[in-house]
Structures are given as C-alpha cells and as structure tokens.
Amino acid sequence: MGAGPSRLLGDAAFVDELRAADWRIETIEAPQAADPEIVRIAEADRRLARRVRAAAEEGAFPLVLAGNCNSCLGTVAGLDPATAAVGVVWFDAHPDFDTPDRSLGFFDGMGLAILTGNGWELLRATIPGFLPVAERDVVLVGVRDFEPHQRAPLKGSGLRVLAGSSFAPAELAGALDGLRRRVHRVYLHIDLDALDPSEGRANRYAAEGGLSLLQLEEAIDLVFGSFEVAAAAITAYDPEVDEDGRMARSARRVLRAVARGAVTGRAG
C-alpha cells in the first residue's frame, strides 16, 4: 500500500489542479528499507510529526497521503496535542484497535489502539509531541469487517462507533455533536476501504457494505462544518488491486472533498 500516494500523485493534471489551488506537495524520505517494518513505521512517524508541526506553524493545512493507518501517530503528534485536545473522526472498514496481546501480527491493525494509548508505550513515546487521544474523543465510522477477537475490545472501549453504512445522517451528526462538547479541533482520518468496493477496490482487505462515495463526501463536509479540522489523512490505497483504476478516481474525489473543506473552513 506504500505505492498509493505516488499513484494518486502520478496524474499530472490532478497535481496541476492541486498546485493551482495553492497546495504545496512535499515528500517525506522513506526510512531504511533494511530495517524491520515496525522500526521503519516509527521512524516515518517521527519524520511526519516534525513535518506536520512545521506546516501547522506556517499556517498551512497538513493533508497526508499515506500507505497505512499508523501514519496517524505522526500526524496527530505534529498537531501539538499538549496545547489543545485533539479529537478524531476515523473512517475505516476495520477497527484498527488491536494491541500486541490481542493481535494476529498485523501492525497496521493497531493504529487506532496506539493512538488512544493502548499498547506500544515506549515506541509511541519516541514520536515527538505524541500524546494519546482519549477513547471517548474518537468517532469511528464505517467499520464492518471484524476478526472474531476484535468485537469485544471495541464494544468495551469508549469509542463512538457507527458501523457499516446503514446509519442515518442524523446519527453521524449526533455523534459529532457529542464530540464537539469536548473538543473543538479534530484529526480526520480516511482509510479508503471505508468505501464500498462498488466504488473501486482500495486494498485487499476491502469489504462489502461500505459507504458510497457520495455518502463519504457528505460526511467529510459535515466534519468540516462541525469542527476546526487541524489535519487530515487519506490512507491504505493499494494500486496493485485497483485493476480498473476506479479507486484512483474515487480517491481523487475524496482528496478534492478534503481539500475543499480545508480551504472553506479556513476562509470561514
């Protein structure tokens, strides 16, 4: 999935469109390929945290394109959560709430757990500025694909969960209203497998019953209309499974929706 950002930005016309809207495109140098996966992810998050912090201090909006969901650690750390609490609105087909002692070994399935202070205490402390987000300050939307061991921890957590795609718009609005009582700024996380495969196949873990593209776009607009969105990320696109290019097109629409929301929110 690490090739996803390069594929999305490989469309010259799309890149020109972003630059014409005053977006600056930067790339973070990849860590040493010889290092173990977890070491590489942690180092990438440290580099990302510094880059996000610099962008925020310049008054820019950090919009991250990432291969996997663990990029959330660097992005949120870069927002300096010690100065003001950060909530999270997270779109994903999967809970991403595993910890080392309740995992089958997939590190990318732990991103939201680590972000909320569950597991990997020493490792997450190496990311400059990182502080855990309170579980009650997370709204998880679109989750529907579970391993048997994943249901109970999520049910017992403080996360607000809107499963699948059958929730009414008023339910999402209500969940965001509840979050807004506690925090005024959020990190918006979009794993593209939150979308139903009918909109294109994001990765090999894509699952039926996801959001339509229009549903996701409307949800993005609602998030930007409800909060100061301090940063956003679009993750988990694997070009190798996107044989017909539909997901690339859908992903660019999602990117446009986030970019539009960032510009409109700052203008407002």
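Are tryptophan 23 and phenylalanine 61 buried or exposed? Tryptophan 23 is buried, as is phenylalanine 61 (buried: under 20% relative accessible area, exposed: over 50%, partly exposed in between, with a 1.4 Å probe and protein chains only).

1. Basis. This is a predicted model, in which local features need pLDDT of at least 70 and side-chain atom pairs count only at pLDDT 80 or more, while totals for chains, interfaces and linings use all residues. Residues are numbered from 1 along each chain as its sequence is written, and side-chain values use heavy atoms, leaving out hydrogens and water.

2. Aromatic pairs. The structure holds four aromatic pairs (ring centres of Phe, Tyr or the six-membered ring of Trp within 6.5 Å; planes under 30 degrees apart are stacked, over 60 edge-to-face, the rest tilted). Tryptophan 23 and phenylalanine 61 form an edge-to-face pair, 6.2 Å centre to centre with 90 degrees between the planes. This pair links distant parts of the chain, 38 residues apart.

3. A second partner. The planes of phenylalanine 61 and phenylalanine 224 lie at 45 degrees, with centres 6.2 Å apart, so the pair is tilted. Phenylalanine 224 counts as buried because its relative accessibility is 11%.

4. Aspartate 242. Although buried, aspartate 242 has no salt bridge; arginine 7, the nearest side chain of opposite charge, is 4.3 Å away (a salt bridge needs a side-chain nitrogen of Lys or Arg within 4 Å of a carboxyl oxygen of Asp or Glu; Lys and Arg count as positive, Asp and Glu as negative, and His and the chain ends are not counted). The side chain of aspartate 242 reaches the backbone nitrogen of methionine 247 at 3.1 Å.

Notes:
Polar contact = N/O pair within 3.5 Å; in protein donor to acceptor, adjacent residues only side chain to side chain. Helix = DSSP H or I, 4+ residues; strand = E, 2+ residues; numbered from the N terminus.
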